[in-house]
Amino acid sequence: MELRVLNYFLTVAREENITRAAQLLHVTQPTLSRQLMQLEEELGVQLFHRGKHSVSLTEDGMLLRRRAQELVSLSEKTKLELQHKEEMPSGEISIGCGESKSMSLLSEKMVSFRQKYPLVQFSIYSAIADDIKERIEKGLLDMGLLVEPVDISKYEFIRLPVKERWGVLVREDSPLAQKDCVTPEDLLEVPLLMVQREQVKNELANWFGETYDQLEIAAVYNLIVNAAFMVERGLGVAICFDLGAVFENLRFIPLLPRMETGSVLVWKKNQMLSAAQTLFIQHVRNTI
């Protein structure tokens, strides 16, 4: 598979119209149609359902679209890393980040780094740790800011000094909002919005103890902003850590016994790093 043909495929998948895609790609419609048919022959599958005026992806086509997007993204990223200008480090540093206060600290390091190396740009991808690790393994991210607990045996890492305190996000009219802290017993018979990651669930199960099996889980989530909307509308209270964010009509109440977690900046062991990536890792190490 050639990257050029994958770009053709992605454009047709996005436009759902071969004529319009051909115009955008500056090729003739017969040429584009022939390239797509040759791609199907090469892969041995049908990628499109073809109608009179439009096309749509088959299941195989949807799978290829995900993989093609990753391959094209990786190609573009590699080109950026190989670009140099007047000996000044340049290119892109891509970092996957979970939602945590450590992102504030990392942002400070990004600012001070770019003051020294203004030709470097950062690309930030927000997701949970499992997704970030998968993208690091595929080469789509250079490093990740991961909230513990997390398996970092495959990675080099820098442990960040910020600690995240766990609690619940509740509406101001909730009886829980009048408390200074909440215990496992306080959360019985209260609809809960639970975090998605299994390792974190296990940590919370230890905190809840015997009451864990009695909990009412109304939903699971991976991004706190979405959880905040659900809390605001009355779906339940969200178990999360304190990001210091101010949500209208909502209040954060810490857990008791106190529960905290840390975070780590990770990158693959034995990975060939660009000059910009190496300098940024050194910068973070030297300024923490």
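A: Two packed helices are described by the angle between their axes and the distance between the axes. In this predicted model, with residues numbered from 1 along each chain as its sequence is written, local features need pLDDT of at least 70, side-chain atom pairs count only at pLDDT 80 or more, and totals for chains, interfaces and linings use all residues. Side-chain values use heavy atoms, leaving out hydrogens and water. Here, helix α1 (residues 3–15) packs against helix α2 (residues 18–25) at about 130°, and the axes are 8 Å apart. Helices are DSSP runs of H or I with at least four residues, strands are E runs of at least two, and both are numbered from the N terminus. Axes are lines fitted to C-alpha atoms, for helices over the stretch in contact, with angles from 0 to 180 degrees between N-to-C directions.

Q: Which word describes how α1 and α2 lie to each other?

A: They are oblique; under 35 degrees counts as roughly parallel, over 145 as roughly antiparallel, 65 to 115 as roughly perpendicular, and the rest as oblique.

Q: Which residues make the contact?

A: With contact meaning heavy atoms within 4.5 Å, α1 contributes Tyr8, Thr11, Val12, Arg14 and Glu15, while α2 contributes Ile18, Arg20, Ala21, Leu24 and Leu25.

Q: And what about the whole chain?

A: The chain has nine helices and 11 strands, and its C-alpha trace spans about 70 × 50 × 35 Å along the principal axes. Among contacts with a separation of 6 or more, 71% join residues 24 or more positions apart.
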